[in-house]
Amino acid sequence: MLNIDSNYHTHIWLCRHAIGDIDDYVDRAIELGYKEIGISDHVPLIDEIEKKLVTRRMTKEEYRTIYLPSLARAKKKYQGKIVLYSALEAEYFEAMHELYPQMLNEVDYLILGQHYLPLTQGRFFSVYDKMTPARLDVYAQTVTKALNTGWFTILAHPDIYLFNNPDWNAYAIKIAEQIIDACIANDVYLEMNANGIRKRSFLNPEGEIVYRYPRLEFWRLVRSKGAKVIINDDCHLVEHLHDQATLTAYQMAEAIGIKYSTRITLPTANEKENNV
Ligand SMILES: [Zn+2]
Ligand SMILES: [Zn+2]
């Protein structure tokens, strides 16, 4: 029997594309018998980047005046009932480099979710775009660079680059190898993300049913390399906690033979200190 009792990737209403507040998710997690939950809404961006991206998320002001105080309050309220962590899901952008150590001192851990990638001349592209090999390289290089900083505990949906580039060809494998190796080198969890299972599936050339992410072929490679794995809901609705997609993600990991963790190891105070 599967024993699902944790989720380290949860969004709340502040990002404007999720519904529900901290307490709604935590109450539901307790009801489900969860022992640990991490709230990890999307990081606020600096103005020069935000104005160029089509994305909805909390503002810097809301981060200070609502997000952090609400998490502090909730941690007190739920003490002894569930382990509640504060976190952020962040892209890595060079222009924000000095902000990450500061964030890491304000929340328990950071998730790298690289939804946007830098191009030259201050332009960006989305990870959901159809990508050229050169852009796939930018994805792998940006993720590697971010993980090498040591600031991130989890790499969210590492296989999201396959979303609109679904051919599992030599190039896709090369990118996968780079990302998985970067996680191993930096002791970062690769996240099997249930949110991709909530989207459309398709048949691969072998006739297997696969999701855009978590992508079967990618996770077979993860298994063969023996990297650290965590399975997360990435919920944007309370109903996503422990839904069919969550069950499917765990079943998929079991079927592939992946040894996943059900608890994360947080960065220590010392590690946070060294990073500043
Ligand atoms: Zn989101
Ligand atoms: Zn997310």
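Reply: Let us start with a pair of helices. Helix 6 and helix 7 are oblique to each other. Angles under 35 degrees count as roughly parallel, over 145 as roughly antiparallel, 65 to 115 as roughly perpendicular and the rest as oblique. Here the packing angle is about 40°, and the axes are 10 Å apart. Axes are lines fitted to C-alpha atoms, for helices over the stretch in contact, and angles run from 0 to 180 degrees between N-to-C directions.

Me: Where do these models and numbers come from?

Reply: This is a predicted model: local features need pLDDT of at least 70, side-chain atom pairs count only at pLDDT 80 or more, and totals for chains, interfaces and linings use all residues. Residues are numbered from 1 along each chain as its sequence is written, while chains are lettered from A and ligands numbered from 1 in the order in which they are written.

Me: Which residues of helix 6 and helix 7 meet?

Reply: Two residues are in contact if their C-beta atoms, placed from the backbone, lie within 7 Å. On helix 6 these are Ala176, Ile180 and Ile184; on helix 7 they are Phe218, Leu221, Val222 and Lys225. By class, six are nonpolar, none is polar and one is charged. Ala, Val, Leu, Ile, Met, Phe, Trp, Tyr, Cys and Pro count as nonpolar, Asp, Glu, Lys and Arg as charged, and the others, Gly among them, as polar.

Me: Is the crossing of helix 6 and helix 7 left-handed or right-handed?

Reply: A crossing is left-handed if the near helix is turned anticlockwise from the far one by less than a right angle, and right-handed if clockwise. Helix 6 passes helix 7 in a right-handed crossing.

Me: At what angle do helix 5 and helix 6 cross?

Reply: Roughly 5°, for helix 5 (residues 133–148) and helix 6 (residues 170–186), with axes that come within 9 Å. That makes the two helices roughly parallel. Their contact includes Leu136, Tyr139 and Val143 of helix 5 and Ile175, Ile179 and Ala182 of helix 6. It divides into 11 nonpolar, four polar and no charged residues.

Me: How many helices and strands does the protein have?

Reply: Nine helices and 11 strands. Helices (H or I, at least four residues) and strands (E, at least two) are DSSP runs, numbered from the N terminus.

Me: What is the order of the strands in the open sheet?

Reply: Strands of a sheet pair through backbone hydrogen bonds, either parallel or antiparallel. Two strands pair if DSSP finds at least two bridges between them. Here seven strands run in the order 1-2-3-4-7-8-11, with parallel pairing. Strand 1 (6–7) and strand 11 (229–232) are the edges, each with a single partner strand, so one side of each has no neighbour in the sheet. Further in, seven bridges join strand 2 (residues 36–42) to strand 3 (residues 83–90). One bridge pairs Ser40 with Ala87 of strand 3.

Me: Which peptide bond is cis?

Reply: The bond from Tyr213 to Pro214, with omega near -5°. Pro214 lies in the loop between strand 10 (209–211) and helix 7 (216–225). Another loop, between helix 6 and strand 8 (189–193), holds Asp187. Asp187 is not a glycine, yet its phi is positive, about 55°.
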